[in-house]
Amino acid sequence: MNILSEKKVLFISYDGLLDQLGASQILPYLEGLKSDVDRIYIISFEKRDKMNERGKELFQNLRKKGIDWHPLMFTSKYGTLGKVFDAIKMQYSAFYLSWRRSIDIIHCRSHLPAIVGRTVKLIFGSKFIFDFRGLWVDERIDKGGWDLKFFFHRFQYKFLKFIESFLISGSDHIVVLTEKVIKEVQYLGKQNIEAISVIPCCADYSHFKIINNDSNLKTDLNISQNSTVIGYLGSVGKMYMIREMILFFKEYLSINPSSILFVVTEEINEFMIIAEKELNPQQLENIRIRSASRDKVPEYINLMDIMVMFCVPTYARIAACPTKMGESFACGVPIISNKGIGDVSKIVLKIKGGIVLNDITSKSIAFGIRELQKGNYLSGNALREASEDIFSLNLGIKKYLKVYQSIIISS
């Protein structure tokens, strides 16, 4: 007998289901879990323009699958006050649904929803899963939001680290993205290791797959069929070492003048500002840059020979699992990364999934280029098959299901 068949789950996310992250890292899991639970309720925060464009369609699709979606509007103005207003809306909605629907499990994605979930547990007695997406408090420093030289920033940091410990210690189960962060989570919240599960950012291998017929797309992008394509997928920000990636490409371009840097990002202008500082006009002609919907992303990844994934290796990065890694492997594309990012080095070594640099110095870049030319790593179907046991969505759903079962059995 399925012990979850009569259980109701409330999932809370401050990220929107209509965002690319929601489409790849939230909805597929919940849709996969629905067949094993009575009902799933979702609270998420959506951008008004996306809600007006696609909200009704998604709402109807979810209802057909037995998932009740309760979207709230994300407050983009008023800074901290806007976030406080969102937190109040989130808390009220979670209380209301817990009271009206007799929620058994409250599953919270990241820290702000977890504060709400912890409060619901205290009042209603629901089982509480803290989906610990990373060292969120420390990421505020990495991204430049806080400077600990200032008293108020230090106060905020220490207060929120206390809250983080409170959330961890009060969780019935914690989901983390990496093995590397487990000891830190245990230390922060005095949690037993049995209450911690590692579920990396998985990829839907039925969506991200190898596409062999890419010649027309290369023609459309003015990429020679014989060009080596070095790729990048994702945001442009302080954490992602965009300048260093461009310098890597610049060095490779000096050896292979026909090579192409293909960038897939929503932040096209921001990327080009950095590129124009590092490359001359002739070198800039070897850049192709596009934004893409989730449906288009697999096609673009398939154009790449290797995906660059450089990231600043700070303390907070031990908890990080880049979403693009699993997506790249699913498409048979190896990666080149630097050490200090979650379990990346361990995984790449285990499955021969690409190249890992000790750092991003000139010496390491030269080493990376030599390794790229040697090609001593898996690609294509061999890489896809080797990575599936780590990153497949179906495996991730099974792991979440096991977490749900474990907290019900223990009650």
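I will take the helix pair, then a residue in it, then the aromatic pairs.

Please keep in mind that this is a predicted model.

Start with α10, residues 242-255, and α11, residues 268-278. Two packed helices are described by the angle between their axes and the distance between the axes. Here the axes come within 10 Å, and they cross at roughly 50°. The crossing of α10 past α11 is right-handed.

Which residues meet across this contact? From α10 there are I242, R243, M245, I246, L247 and K250. On the α11 side they meet F271, I274, A275 and E278. Sorted by class, the contact of α10 with α11 has seven nonpolar residues, three charged ones and no polar ones.

Now stay with F271, which lies in α11. Is F271 buried or exposed? F271 has a relative accessible area of 0%, so it counts as buried. Leaving out residues up to four places away in sequence, F271 touches I242, M245 and I246, and also V236, L261, V263, I287 and I289. For a sense of distance, F271 and S364 are 93 residues apart in sequence, and their C-alpha atoms are 23 Å apart in space.

On to the aromatic pairs. The structure holds twelve of them. A pair of aromatic rings is described by the distance of the centres and the angle of the planes. I will show two.

One is Y29 with Y400, an edge-to-face pair at 5.4 Å centre to centre, with 80° between the planes. Y29 sits in helix α2, residues 27-33, and Y400 in helix α18, residues 393-409, so this pair ties together parts that are 371 residues apart in sequence. Y29 counts as buried at 6% relative accessibility, and Y400 counts as buried at 4%.

The other is F155 with F159. Their ring centres are 6.4 Å apart and their planes are at 10°, so this pair is stacked. F155 and F159 are four residues apart in helix α7, residues 151-169, and are therefore separated by about one helical turn.

Last item: Y14, F45 and F74 form one aromatic cluster.

That is what I have. Questions are welcome.

Definitions and conventions:
Residues are numbered from 1 along each chain as its sequence is written. This is a predicted model: local features need pLDDT of at least 70, side-chain atom pairs count only at pLDDT 80 or more; totals for chains, interfaces and linings use all residues. Side-chain values use heavy atoms; hydrogens and water are left out. Axes are lines fitted to C-alpha atoms, for helices over the stretch in contact, and angles run from 0 to 180 degrees between N-to-C directions. Helices (H or I, at least four residues) and strands (E, at least two) are DSSP runs, numbered from the N terminus. A crossing is left-handed if the near helix is turned anticlockwise from the far one by less than a right angle, and right-handed if clockwise. Contact means heavy atoms within 4.5 Å. Ala, Val, Leu, Ile, Met, Phe, Trp, Tyr, Cys and Pro count as nonpolar, Asp, Glu, Lys and Arg as charged, and the others, Gly among them, as polar. Rings of Phe, Tyr and Trp (its six-membered ring) pair if their centres lie within 6.5 Å; planes under 30 degrees apart count as stacked, over 60 as edge-to-face and the rest as tilted. Buried means under 20% relative accessible area, exposed over 50%, partly exposed in between (1.4 Å probe, protein chains only).
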